[in-house]
Amino acid sequence: MFDLGIPFKKMNGCGNDFIVVDNRDGLLNEVALSAFVQNVCRRGTSIGADGFMLLENSSIADFKMRYFNADGSEGEMCGNGARCMSRFAYHIGAAKTKMSFETMAGIYQAELNQNGVKVKFPDVQLQALELNQPYEWDGPSGVYHYGVVGVPHTVWFVENVFAIADDQLRDWGRMVRNDLHRFPNGTNVNFVERIDRKTLSIRTYERGVEAETYACGSGSTAAAIIAGILGHVDTSVNLLTRGGPLKISYHLSDYAADSVYLEGNSKLVAEGHLLPDAWSTMMK
């Protein structure tokens with residue numbers, strides 16, 4: 001099996017990197033995906049990535065996007081992954097420049113343009129958000145905001161976010177992510193600094209990667225919407241991440257954030273074949 005290897009492409013959106021495989025013919029249907037993904041995403045001993053994605057057939061959209069975190073867990077959605085998957089789908093002829101795709105979090109739309117890829121999110125219902133929640137700890141803020149934007153996110157407004165030491169941010173992120181009493185399904189942890197009415201800076205500790213990533217598309221979207229509801233920013237805002245800029249825009253009504261768009265770059269950086277040593281290194 002897989003004598004010739006498994007064709008893949010390596011992609012990233014603002015430094016959030018992924019291994020992407022076309023599975024429309026069921027190439028990986030018989031594979032134990034959790035262990036497989038853990039191994040191929042492991043840096044140093046394999047290709048290495050923040051996540052792994054499969055493009056599959058869909059009866060309700062142009063294609064289906066399946067997203068796996070680096071720890072092997074299947075995630076509902078990934079914003080930067082969605083932008084990379086959209087470019088991948090166009091590249092292999094699975095979709096045109098405007099497309100829709102199925103995820104565990106619902107149907108999304110995307111469009112390729114000269115600036116990158118623009119993804120439209122489903123509406124975010126305001127009543128589902130939990131704002132101004134107190135939190136007793138030694139972290140940078142005693143108040144958090146929570147919402148599910150594809151996946152669960154907490155948002156913490158802080159000062160000088162890029163001055164926070166890496167190990168300190170990791171420890172804070174890990175503590176909140178593993179607070180299963182308050183967040184039974186775990187949560188992504190976003191530390192956000194307001195620069196002005198059109199700009200936020202953000203760093204994210206990602207659930208499933210269990211580390212800070214260079215960018216998180218859904219986390220940036222959650223931060224932009226929550227900042228807008230709180231009156232900190234306008235409804236079109238630039239998010240400065242460690243991996244580059246993202247642009248989020250939306251419309252606020254009394255009930256929802258609608259017309260939610262995430263836009264940023266999507267880079268195709270390598271292609272080749274995964275060989276058996278890529279996924280067998282830790283499987284004894």
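Student: What lies over the face of Y261?
Tutor: That is K118, at 4.8 Å from the ring centre. Keep in mind that this is a predicted model.

Student: Staying with rings, how many aromatic pairs does the structure hold?
Tutor: There are 16 aromatic pairs. In one of them, the ring centres of F52 and F68 are 6.5 Å apart and the planes stand at 65°, so this pair is edge-to-face.

Student: Which strands do F52 and F68 lie in?
Tutor: F52 is in strand β3 (residues 51-56) and F68 is in strand β4 (residues 63-69), so the pair ties together parts that are 16 residues apart in sequence.

Student: And are F52 and F68 buried or exposed?
Tutor: Both F52 and F68 are buried. Another pair, F63 with F101, is stacked, with 5.4 Å from centre to centre and 5° between the planes.

Student: Where in the chain are F63 and F101?
Tutor: F63 belongs to strand β4 and F101 to strand β6 (residues 98-103), 38 residues apart, so the pair links distant parts of the chain. F63 has 1% relative accessibility and counts as buried; F101, at 0%, counts as buried too.

Student: Which residues do ring pairs link into a cluster?
Tutor: The cluster consists of Y135, W137, Y144, Y146, W156, W172, F183 and F191.

Student: Which strands is β1 joined to?
Tutor: One is strand β19 (residues 267-274), antiparallel to β1 and joined to it by 7 bridges. There, F8 stands opposite G272. Strand β2 (residues 16-22) also runs antiparallel to β1, with 5 bridges, and M11 stands opposite F18.

Student: What's between β1 and β2 in the hairpin?
Tutor: There are 2 residues between the strands, and C14 takes a positive phi near 55° in this hairpin.

Student: Last topic, pockets. What volume does the largest pocket have?
Tutor: About 230 Å³. Its lining includes G15, D17, R43 and Y214.

Student: Which strand gives the most to that lining?
Tutor: Strand β15 (residues 211-213), with 3 residues.

Student: How do the lining residues divide?
Tutor: Into 6 nonpolar, 2 polar and 4 charged.

How values were computed. Residues are numbered from 1 along each chain as its sequence is written. This is a predicted model: local features need pLDDT of at least 70, side-chain atom pairs count only at pLDDT 80 or more; totals for chains, interfaces and linings use all residues. Side-chain values use heavy atoms; hydrogens and water are left out. On a 1 Å grid over the protein atoms alone, a cavity is a set of points where a 1.4 Å probe fits but cannot get out, and a pocket is an open set with protein on both sides within 12 Å along at least five of seven lines; lining residues have an atom within 4 Å of a point. Grid points are joined across faces, edges and corners, and a volume is the space filled by probe spheres set on the points. Helices (H or I, at least four residues) and strands (E, at least two) are DSSP runs, numbered from the N terminus. Ala, Val, Leu, Ile, Met, Phe, Trp, Tyr, Cys and Pro count as nonpolar, Asp, Glu, Lys and Arg as charged, and the others, Gly among them, as polar. Two strands pair if DSSP finds at least two bridges between them. Rings of Phe, Tyr and Trp (its six-membered ring) pair if their centres lie within 6.5 Å; planes under 30 degrees apart count as stacked, over 60 as edge-to-face and the rest as tilted. Buried means under 20% relative accessible area, exposed over 50%, partly exposed in between (1.4 Å probe, protein chains only). A charge sits over a ring if NZ of Lys or CZ of Arg is within 6 Å of the ring centre and within 35 degrees of the ring normal.
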